Amino acid sequence: MGISMRWIAAAAVLLGAGLCRGEDVLRPPVTPESREILLAADGVARYALLLPAEPDGLERFAADELRQALFKLTGAEFAILRDGDDGAGLPVISVGDTARFRAAGLAAGDLGRDGAAIAVAGEDILLYGHPSRGPLFAAYMLLEEDFGVRFYTDSAERYPDLSGVAVTVTPRRVAPAFPMMRDVHTQLSFLQPWGLRNRLSQFYWQVPPELGGNIHFISHQHRWWFGHSYDQIVPHNEACLAEHPEWFMLDANGERSRRQICPSNPEVQALAAGYVVEAMQSDPAGLVCLGQSDNGYYCRCVRCLESIARHDSTAAPHYDLVNAVARAVTAVGLERQVIALAYQKTGEPPADFALADNVVIWLCTDLLSVSRIKAAELNPRFMDRLRRWGELAGELYIWDYYVNFYNFFAYEPSLPAMAANLRLYRDGKVTGVLMHGALQTYGSERQ
């Protein structure tokens with residue numbers, strides 16, 4: 001019947017979220033400070049939207065998102081006012097640094113980047129937060145959690161009928177559980193404003209600066225410092241292998257191979273340090289990730305084997321390289337972090353090893369099963385690795401998979417495991433999470 005796979009995915013999400021049973025699992029608990037309001041009745045708005053006299057781009061965008069969503073919720077047109085406009089005595093939903101917000105004596109305080117807050121002052125609803133994106137994320141928080149809106153995919157959304165219906169708004173302050181990185185690795189990553197509406201950190205889509213910008217990995221001189229970046233240090237081609245065989249791994253047969261580089265080679269370390277320093281100097285805000293090539297091989301040269309034996313981990317030479325780069329960054333006066341991918345042969349924490357202070361570990365969950373329906377806490381080996389990296393690293397990110405790489409179209413009921421994993425990471429030292437789905441194909445919402 002030509003039913004869109006996106007609608008099938010949305011139905012699965014609804015079932016998993018409990019909404020098909022009449023539950024609203026995102027709705028905040030009612031408190032003594034909660035207020036019941038009537039947004040509109042009979043097609044007439046009972047509220048107006050209020051902006052500062054000179055709103056910035058983020059505040060204007062947030063108000064427009066609210067206006068469109070409120071029309072879908074109530075069928076009423078909501079006026080957008082600015083400080084000083086005649087509001088005909090209507091209560092307001094205030095966005096950002098308005099006079100009513102200042103009169104309430106509120107402040108973002110310690111919310112941190114992308115932190116958002118909702119307050120109630122009389123009949124007014126005040127949306128505010130960190131200047132990065134706080135007022136916008138407060139608007140989405142209000143729509144999703146108090147009004148029941150859902151942004152499942154770019155084409156599957158939910159807007160309950162709130163015309164003539166009283167809704168409860170609960171004041172609260174919310175700081176992101178993962179302040180440094182919150183993103184997904186699917187086709188939806190490229191569809192906007194879906195990512196903003198789901199309050200992601202967005203390194204796939206170039207978010208305009210007026211909407212808070214986005215984290216990004218540096219691309220400089222044809223080198224992109226993201227993920228499996230060893231080939232950005234040394235090109236994995238036959239010409240380079242022939243000219244500099246010592247830059248590449250020594251395999252189990254005693255032959256040089258371009259499957260991986262030799263991370264303990266001083267020339268390779270110097271190349272990496274030079275490229276990364278130059279990249280960081282070219283981009284004051286971008287990130288750099290150093291990661292092995294995407295396979296299970298590792299170098300067995302004398303230097304690498306000595307490091308492996310000394311630290312009881314095939315990962316040790318990789319972190320020797322990472323430390324060399326991180327210290328070179330510090331040596332030139334850059335106060336920047338170097339992210340290191342802990343994956344496959346570089347995933348096991350080296351024993352008796354000290355990481356440079358500016359190294360962030362990005363731990364991948366490749367130890368978990370091919371099918372991603374089991375929570376990480378059920379895998380003792382991964383839990384041990386997570387604990388030890390937490391002890392060794394000053395800061396920890398997670399690269400979590402919820403994709404079946406053997407069948408991108410297989411239905412994977414992974415929502416319970418994803419939720420359990422996020423709670424596990426939130427309660428640990430983790431400050432950033434990437435949820436890796438089936439980026440290579442449409443329909444990946446099913447996984």
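Reply: A residue is called buried under 20% relative accessible area, exposed over 50% and partly exposed in between, with a 1.4 Å probe and protein chains only. The model is predicted, so local features need pLDDT of at least 70 and side-chain atom pairs count only at pLDDT 80 or more, while totals for chains, interfaces and linings use all residues. Residues are numbered from 1 along each chain as its sequence is written, and side-chain values use heavy atoms, leaving out hydrogens and water.

Me: Why is Trp-362 called buried?

Reply: The relative accessible area of Trp-362 is 0%, which is under 20%, so Trp-362 is buried. Phe-217 is buried as well.

Me: What makes the pair of Phe-217 and Trp-362 stacked?

Reply: Rings of Phe, Tyr and Trp (its six-membered ring) pair if their centres lie within 6.5 Å; planes under 30 degrees apart count as stacked, over 60 as edge-to-face and the rest as tilted. Here the centres are 5.8 Å apart and the planes are at 5 degrees, so the pair is stacked.

Me: What kind of aromatic pair do Trp-362 and Tyr-397 form?

Reply: Their pair is edge-to-face, with 6.2 Å centre to centre and 85 degrees between the planes. Ring pairs also link Trp-362 and Tyr-397 into a cluster with Phe-217, Trp-224, Phe-226 and Trp-399.

Me: Why is Tyr-397 called buried?

Reply: Tyr-397 has a relative accessible area of 2%, and therefore counts as buried.
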